[in-house]
Each structure stands twice: as C-alpha cells, then as structure tokens.
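Below are some notes to read alongside the structure, one topic to a point.

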Amino acid sequence: MATAPPNMTFVGGVGTVTGSKTILDIGEGRILVDCGLFQGRKHLRLQNWAPFPVPPESIDAIVLTHAHLDHCGYIPRLSRFGFRGPVFCTEGTRRLAGIVLPDSGHLQEEEARYANRKGYSKHDPAEPVYTRADAIASLDLFETVSFDRPLTVISGLDATWRRAGHILGAATLKIDLSRAGISVVFSGDLGPPHHPLLLPPEPIGHSDVVVIESTYGDEDHADLDPEDQIAVAIGHVVRRNGVLVIPAFAVDRTEVVIFYLDRLIASGRVPDLPVFVDSPMASSALEVYREEARHGSPELRPEHHGRELFERLNLTEVRSVDQSKALNARSGPMVIVSSSGMATGGRVIHHLAHRIGDPDNAVLLVGFQAPGTRGEALRSGVTNLKMLGQYHPVRAPVFEVALSAHADQTELLDWLGSAESPWAVFVNHGEASAAQTLAEEIENRLGLNAAIPSNGERVRLDVPPTGSWRADDRV
C-alpha cells in the first residue's frame, strides 16, 4: 500500500492573529506546530471550547515557536483531554511558559468566579477553559532544545529552532521531512530587526515551503521615535497630576515599555515619577530578562550583557490583589503598566474602569490591537467601553506608540527574501486584509507563489512533479 504524502492542516491563526496551530502529518506520525489559545472576539474564544480537530492523544509531539498565549496557551486544555507527548521548545520559552500558563489558568478561574458573582455570564455557571492546576500539570511535558541544533522529533522529522527576535526564547522553526526530502520553515511571530533588547531574526536559508505570519502584512511601522511619543503621553498626566495607564503584554512588551521609561527618566526628558508594574506575571518575566542580561544571553544585544536592566526607574512591582486595589486610592502623576496588552482581561481592566472617565488621566496603547478587543475599541475612538459588566465613559485621551514585537510588511518581506527558492509560501496569523495584502506583495516583489489557507485546510507537502507549486496541489 502506498504511503500517503506528508501534509499540513491549518487549524488556528487563519484569518486572525490568534490561536496559532498547524498539524503536520507524515507516515511516521503527527506533530503540532504551536498550540495557541484563541483570544479576542467571542466567535474566536468559543473555538477554545470546540473539540480539537484530531484526537489529542494522536499527536506525538508539539513544537513551540515561543511563549505567548496565542501560540502556547491551549496546551493545558489539550493535555487535559489526552495529549501526553513532549512539548519541545527553547529554554527561554520554557521559562516564560512556566510563568504565562499558570497565570492564564489563574486569570480564567478568577474571571469565571467574578462572572458568577456578578451574574453577567451567559453560562451558568461560568467555567474556565482550564485551571491553574491544569497549566502546572502540562508543564511536566516541556523539554528544552538548543538553538541551531537539529532535533529528531519523531522518526522522519527533524526540527531546528533559530532566533526570531520576537520575545526571549522565540524561534523560527525549520522542519525537515527526510522521507519526502522537503523542508518547511515556520516564522512563528517574527520580531523587528530594531528590537531594543533582542538581536534580529536569523535568515531562512534553504526551504521548500515557508509559512509566514502577517500581523502587519499590510503596513509598515511609523518611522517615529518611541521615546518622543511616550514622552508626550507622560507630559499630559504630569501637567494634570493624572495617571497614565499602559495596557501591555506581560512578556516582552512590558520589558520594552519599561526600557524606554528608564531611558526617558535617566535622560531627564520626563520627571522621575513613580512607575507601577501591576502584573505578577510581568514581574516574573522582568526578572527573567534581568537574569538573561546579567548572564550575557546570546539572544540579547551585546550592549546589555553584564548590566542591570531598568535600574534607574522608581519602579514598584505590584503582586498582591490588595496592593493592586490600593493603586486606585493613589493620585498622580504616575504610570501603571498592566496586562493584558489588548485589554482583553487581567488587572488592567480594573485600572481602566477606574481611570478612563477622567480627562486628567490617559491611556497609552503600545502595540497591535486585534479587532473585537477593548484595545481596538479605544484605538478607534469609542466614547463608552464595556468592562466588568458595565459601560464606562471614555474621557481620558488615548495615545499610541508603535512598540510592536512583530515585524512590519517590509521586514517580513526582507526576511522571506532570505529564503533560497521556496516553491510555496503560505500566509497566516493575520487578519484577512493583512494576509491578502502580504500575499500580493510576496508575489509582486519577490516573485514567489503565495497562498492564504482557509481554516481546516489540508495541504500536501510532497514536491509537485513540475517542480513548481500550483493551487490545485492543495487538498
């Protein structure tokens, strides 16, 4: 009997920037590339509750690109329902996932309890997608790998992790299928070459197929000095003795925000005002970055080796709930950095609910805001925002600064241009318009065949007999 050709199935991150998952099936077994949680709009979040497209116990291994929830946050649920294989990732990803996943489970439990207490959930009772205990149990499956060293994940499939410059530990993945003689590279989330802390992404080299993210596939980041933009927002609250609330992802975005605040205060461009990081997860991640700098991590830019990060700030790390609540009684000027970055949950919701109705305060958005999120609503200029079951008037000004940890369109194309003659490019992990624009630019500028997969679509990975990819090679 002939062996079925290897194939991959897109089951997340399709037409959206969340829930990234790709199934790779070869004759010798099945792996999952990333295992992300869906976030944002309700129809996306509901997918976290749907049965997984294949039996979880049929997956031999998971290979992770990095530790953001939209790439690793579904692992506890998959493990809860039968996945028992190893989860391979870099040491940085393992350390950060050990912070992110238990915190995610805890927040989901807290939100379910709050919804039940306030009675605003449509479900009775409201339940978490998984618990903190589920998350902690899933961490036993994690096994660390080294950058640039191929690892046999299952027979016939080797994986190599290479620096992606997105967050600490983040990697692009090269998958070599020995039986088919095919190599596939997954970008994961690709960082910008100018990240202030991390080294830029490594080039691709040889690859037959590339799967590329498209978060910013339809735009380039503004060529503006982020310190100038942050200084404007701080200036507003300093003049009015207000509070600047910065929703920021706990992993990497908080570090970058704190890095720029540190530079602004050290240079005297803004007053030495109190800065509060109100997220236990962000505090833990900050310490990981500090340790990596002290020890001279090869992922960090050389100028940070052997030094203490963020040492000039009047920084307070808020861990307990009581300490977080106490911030509501403080007057400004001050800065509160709290997760989540798109204001989809976490302590920042309480800070926004308490501060957003006062024009003396301000909000600073520091990255991509997915459609359907509160962050996107603020960015679009809403006058009322629903939080904690109630609508709150938005009177505080909303500022923006491009601190994205994602490469923009030009940077994505530059990275893809480092690939040696791929015969297919698949564009995912982006909103529909961003993916479509990037696919067109890939074809127009690079002359490569680009396609946008649909959700659940399966694609053959054997080399076409003609040596060139065609749309009908998809199955």
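1. A salt bridge here is a side-chain nitrogen of Lys or Arg within 4 Å of a carboxyl oxygen of Asp or Glu. Please keep in mind that this is a predicted model.

2. Let me begin with Arg 80 and Asp 134, whose side chains meet in a salt bridge at 3.4 Å, N to O. This pair links distant parts of the chain: Arg 80 sits in helix H3 (residues 75–80) and Asp 134 in helix H5 (residues 132–138), 54 residues apart.

3. Next comes Glu 227, which forms a salt bridge with Arg 269; their closest N and O atoms are 4.0 Å apart. Here too the pair links distant parts of the chain, with Glu 227 in helix H6 (residues 226–240) and Arg 269 in the loop between H7 and strand S14 (275–278), 42 residues apart.

4. Arg 240 counts as partly exposed at 41% relative accessibility, and Asp 360 is partly exposed with a relative accessible area of 28%.

5. Which residues are linked in a network of salt bridges? They are Glu 287, Arg 290, Arg 294, Glu 308 and Glu 317.

6. Arg 355, in helix H10 (residues 348–355), is one I would flag for you. Arg 355 is buried yet has no salt bridge, and the nearest side chain of opposite charge, that of Asp 358, is 6.7 Å away. Leaving aside residues up to four places away in sequence, Arg 355 touches Val 243, Val 245, Leu 327, Asn 328, Arg 330, Met 334, Asn 361 and Ala 396.

7. On helix packing, how do H7 and H8 cross? The axes of H7 (residues 253–267) and H8 (residues 280–294) come within 9 Å and cross at roughly 70°, so the two helices are roughly perpendicular to each other. H7 brings Thr 254, Glu 255 and Ile 258 to the contact, and H8 brings Ala 282, Ala 285, Leu 286 and Tyr 289. By type, the contact residues of H7 with H8 comprise 5 nonpolar, 1 polar and 1 charged.

8. Finally, a word on Glu 127, found in the loop between helix H4 (91–118) and H5. Glu 127 counts as exposed, at 52% relative accessibility. Its contacts, not counting residues up to four places away in sequence, are Trp 49 and Ala 112. The C-alpha atoms of Glu 127 and Leu 403 are separated by 34 Å, and the two residues lie 276 residues apart along the chain.

Note on methods: Residues numbered from 1 in each chain as written. Predicted model: local features only at pLDDT ≥ 70, side-chain atom pairs only at ≥ 80, totals over all residues. Heavy atoms only, no water. Axes fitted to C-alpha atoms, helices over the stretch in contact; angles between N-to-C directions. Helix = DSSP H or I, 4+ residues; strand = E, 2+ residues; numbered from the N terminus. Parallel < 35°, antiparallel > 145°, perpendicular 65-115°, else oblique. Contact = heavy atoms within 4.5 Å. Nonpolar A, V, L, I, M, F, W, Y, C, P; charged D, E, K, R; others polar. Buried < 20%, exposed > 50% of the residue type's maximum accessible area, 1.4 Å probe, protein only. Lys, Arg positive; Asp, Glu negative; His and termini not counted.
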